[in-house]
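These are my notebook entries on a single structure. I set down what I looked up, in the order in which I looked.

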Amino acid sequence: MSNKIPVGVLGATGAVGQKFVSLLEDHPWFELTELAASDRSAGKSYKEATVWRQYKPIPETVKTRTIKPCEPGLDCRVVFSGLDSSVAGEVEENFARAGYIVLSNAKNHRMDDDVPLLVPEINPEHLGLIKVQRVRRGWPGAIVTNPNCSTIGLVMALAPIHRAFGVRRVIVTTMQALSGAGYPGHSAIDMLGNVIPFIGGEDEKVETEPLKIMGSLNGDGIRFADCRISAHTNRVFVEDGHMECVSVELDRKASTDEVARVLREFTSLPQELKLPSAPERPVIVTEEKDRPQPRFDRDAGNGMSAIVGRIRECPVFDIRFVVLSHNTIRGAAGAAILNAELMKARGMFNQP
Ligand SMILES: NC(=O)c1ccc[n+]([C@@H]2O[C@H](COP(=O)([O-])OP(=O)(O)OC[C@H]3O[C@@H](n4cnc5c(N)ncnc54)[C@H](OP(=O)(O)O)[C@@H]3O)[C@@H](O)[C@H]2O)c1
């Protein structure tokens with residue numbers, strides 16, 4: 001009998017769901033025991049219901065497993081959600097009400113006052129909101145979210161800079177990979193030789209989520225960080241890896257060398273606790289003048305690091321740089337798994 005914690009994946013057939021299935025294979029602490037998706041897939045075997053788009057083959061252990069509907073009754077207490085946002089809100093609430101701990105990728109609950117929007121390297125103390133959530137909502141489970149796939153790279157670079165020098169204003173332009181739109185996503189004819197300068201709701205997410213993440217836990221809620229972000233989000237013809245060009249105005253002036261040192265030396269609780277999915281270096285600073293690039297750098301730190309390059313002075317604000325992060329790993333499934341690892345390390349899966 002395995003002594004690993006049984007876990008399930010909601011939306012297991014989708015782009016993020018498949019990444020969960022792939023990353024959870026051989027996880028040292030968690031064992032994937034339940035797969036759930038829509039009525040279109042429920043009752044079918046995982047292999048039959050899924051258009052598998054990962055480079056690794058489908059794990060043998062899940063190939064023939066039957067997909068269940070996304071309803072409480074799954075034989076596990078922890079579920080990862082890669083559900084479409086059109087259904088995630090209600091389904092995740094049903095699970096939390098029934099006592100499950102839900103680690104969600106969906107946007108629905110990220111900005112709720114009583115739901116942690118967690119990045120273990122930045123705001124582990126925000127897990128304190130779970131107590132508030134349980135009292136307010138009267139449910140024994142919990143919902144914990146991870147950020148939007150572009151927010152994560154931006155905030156992993158901004159948070160150490162904010163801590164050291166204060167961030168006042170930010171302008172960010174994203175170049176977001178196709179896999180961020182799920183599968184099959186955009187058609188090739190729309191994307192080939194093209195850039196789409198609109199991703200529904202994305203500017204707003206990138207402008208608000210970092211303020212909550214960099215905010216402080218204050219009694220029963222989060223006091224948002226006092227800075228402003230302007231975002232231009234774009235879809236580009238890249239398979240995986242979101243790249244962002246960022247200009248930052250600081251409270252206290254700092255040289256590019258000082259900023260690079262703060263980023264390079266940034267390390268935090270997941271590294272201290274040696275959580276299985278924690279990258280050795282949360283932020284990797286590249287020296288090459290033409291890096292990071294999605295194809296070559298997105299897998300750094302097993303896809304869990306943010307890669308920062310081209311740190312230089314900004315003639316309008318103070319500094320500017322480029323940051324890259326893997327959108328389906330650090331920007332989705334890997335982030336939720338790291339959140340679960342932190343909760344497990346904190347004993348939060350032992351509580352009744
Ligand atoms: N892709 C990324 O890089 C990324 C990054 C961060 C966050 N996210 C978020 O993660 C979530 C999933 O994204 P994705 O890219 O993986 O989307 P996707 O490929 O379209 O997958 C959506 C999943 O939701 C399931 N689903 C759809 N309708 C359902 C219903 N009525 N009841 C139960 N399950 C239902 C689908 O199951 P069927 O196959 O059975 O239809 C599928 O498993 C979204 O909320 C997205 O915003 C995505």
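**Entry 1. Proline 59**

I began with the surroundings of proline 59. Leaving aside neighbours within four places in sequence, I find proline 59 in contact with Val21, Glu25 and Trp52, contact meaning heavy atoms within 4.5 Å. Proline 59 sits in the loop between H2 and helix H3 (60-63); helices (H or I, at least four residues) and strands (E, at least two) are DSSP runs, numbered from the N terminus. Is proline 59 buried or exposed? Proline 59 is buried, at a relative accessible area of 3%; buried means under 20% relative accessible area, exposed over 50%, and partly exposed in between (1.4 Å probe, protein chains only).

**Entry 2. Basis of the values**

I note that this is a predicted model, in which local features need pLDDT of at least 70 and side-chain atom pairs count only at pLDDT 80 or more, while totals for chains, interfaces and linings use all residues. Residues are numbered from 1 along each chain as its sequence is written, and side-chain values use heavy atoms, with hydrogens and water left out.

**Entry 3. The sheet**

I traced an open sheet of six strands in the order S3-S2-S1-S4-S5-S6, with parallel pairing; two strands pair if DSSP finds at least two bridges between them. Strand S3 (68-69) and S6 are the edge strands, each pairing on one side only.

S1 and S4 run parallel and are joined by four bridges, and valine 9 stands opposite phenylalanine 80 in S4. S4 and S5 are likewise parallel, with four bridges; serine 81 has serine 104 in S5 as its bridge partner. S5 and S6 pair in the parallel sense over four bridges, where leucine 103 is partnered by valine 144 in S6.

In a regular strand the side chains alternate between the two faces of the sheet. For S4 I find both faces covered: Val78 and Phe80 on one side, and Val79 and Ser81 on the other, are all buried.

**Entry 4. The cores**

The largest nonpolar core has 41 residues, and those with the most contacts inside it are Phe20, Leu24, Tyr46, Phe80, Leu103 and Met343. By nonpolar core I mean a set of buried Ala, Val, Leu, Ile, Met, Phe, Trp, Tyr and Cys residues joined through side-chain atoms within 4.5 Å. Among the elements that each supply at least two residues of this core are strand S1 (5-10), helix H1 (15-24), strand S4 (78-81) and helix H12 (329-345). Which element gives the most to this core? H12 does, with nine residues.

I examined leucine 24 in particular. Beyond its neighbours within four places in sequence, leucine 24 is in contact with Val7, Val9, Phe30, Leu32, Phe80 and Ile337. Apart from this core lies another, of 39 residues, among them Val170, Ile213, Ile229 and Val259.

**Entry 5. The largest pocket**

I searched for pockets on a 1 Å grid over the protein atoms alone; a pocket is an open set of points where a 1.4 Å probe fits, with protein on both sides within 12 Å along at least five of seven lines, and lining residues have an atom within 4 Å of a point. The largest pocket holds about 1,200 Å³ of space. Its lining has 48 residues, of which Gly82, Leu83, Asp84, Ser85 and Ser86 lie nearest its centre. H4 supplies the largest share of this lining, four residues.

Most residues other than glycine have a negative phi, and most peptide bonds are trans. I therefore listed departures from this.

- A cis peptide bond joins tyrosine 183 and proline 184, with omega about 5 degrees; proline 184 lies in the loop between strand S7 (167-175) and H7.
- The bond from arginine 291 to proline 292 is also cis, with omega near 5 degrees.
- Aspartate 26, which is not a glycine, has a positive phi of about 65 degrees; it lies in the loop between H1 and S2 and is exposed, with a relative accessible area of 68%.
- Lysine 274 has a positive phi near 55 degrees and is exposed, with a relative accessible area of 68%.

Technical notes. Points joined across faces, edges and corners; volume = space filled by probe spheres on them.
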